Amino acid sequence: MRMLLKVEMNTAASNEAIKQGALQRTVERALEAIGPEAAYFTVENGCRTAYIFFDLADPSQMPKISEPFFLGVDAKIHYSPVMNREDLAKGLAALEPQK
């Protein structure tokens, strides 16, 4: 299932990870493991934030994906199922016409 993983990094913890040279390694290793369709980085709620779009083949992958961010940058993690344009069209086509 296509998922959006939102990673909101604690500012103090991510500052320390940058000083130690660990933030880049944490992100690169996580992205290698996830194999995202896309990854974007921004600021939200005053925190470094990543939006990562990927295929979650099995929910048992969630700890492997989440823990590096929890342990490395004291992150808040949120998973949301998402659709692309083709998925939306397929879903809408399956709806019964409303009268």
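## Exercises on a predicted protein chain

The protein chain has 4 helices and 4 strands, where helices (H or I, at least four residues) and strands (E, at least two) are DSSP runs numbered from the N terminus. This is a predicted model, so to speak a computed picture: local features need pLDDT of at least 70, side-chain atom pairs count only at pLDDT 80 or more, and totals for chains, interfaces and linings use all residues. Residues are numbered from 1 along each chain as its sequence is written, and side-chain values use heavy atoms, leaving out hydrogens and water.

**Exercise 1.** Work out which pattern the protein chain follows along the sequence, and how its radius of gyration sits beside that of a compact globule.

*Solution.* 
- Step 1: Reading along the sequence, you get β-α-α-β-β-α-β-α.
- Step 2: A compact globule of 99 residues would come out near 13 Å; the rule is 2.2 Å times the number of residues to the power 0.38, with the radius taken over C-alpha atoms.
- Step 3: The protein chain itself has 16 Å.
- Step 4: Now look at the spans: along the principal axes, the C-alpha trace covers about 60 × 25 × 20 Å.

**Exercise 2.** Find what share of the residues is buried, and what share of the contacts joins residues 24 or more positions apart.

*Solution.* 
- Step 1: Of the 99 residues, 30% count as buried. Buried means under 20% relative accessible area, exposed over 50%, and partly exposed in between (1.4 Å probe, protein chains only).
- Step 2: Take the contacts (heavy atoms within 4.5 Å) with a separation of 6 or more; residues 24 or more positions apart account for 67% of them.

**Exercise 3.** Describe how strands β2 and β3 pair, and what sits in the turn between them.

*Solution.* 
- Step 1: β2 covers residues 38–44 and β3 covers residues 47–55; they pair in the antiparallel sense over 7 bridges. To pair, two strands need at least two bridges found by DSSP.
- Step 2: For a spot check, V43 stands opposite R48 in β3.
- Step 3: The two strands form a hairpin with 2 residues between them, and N45 is in the turn.
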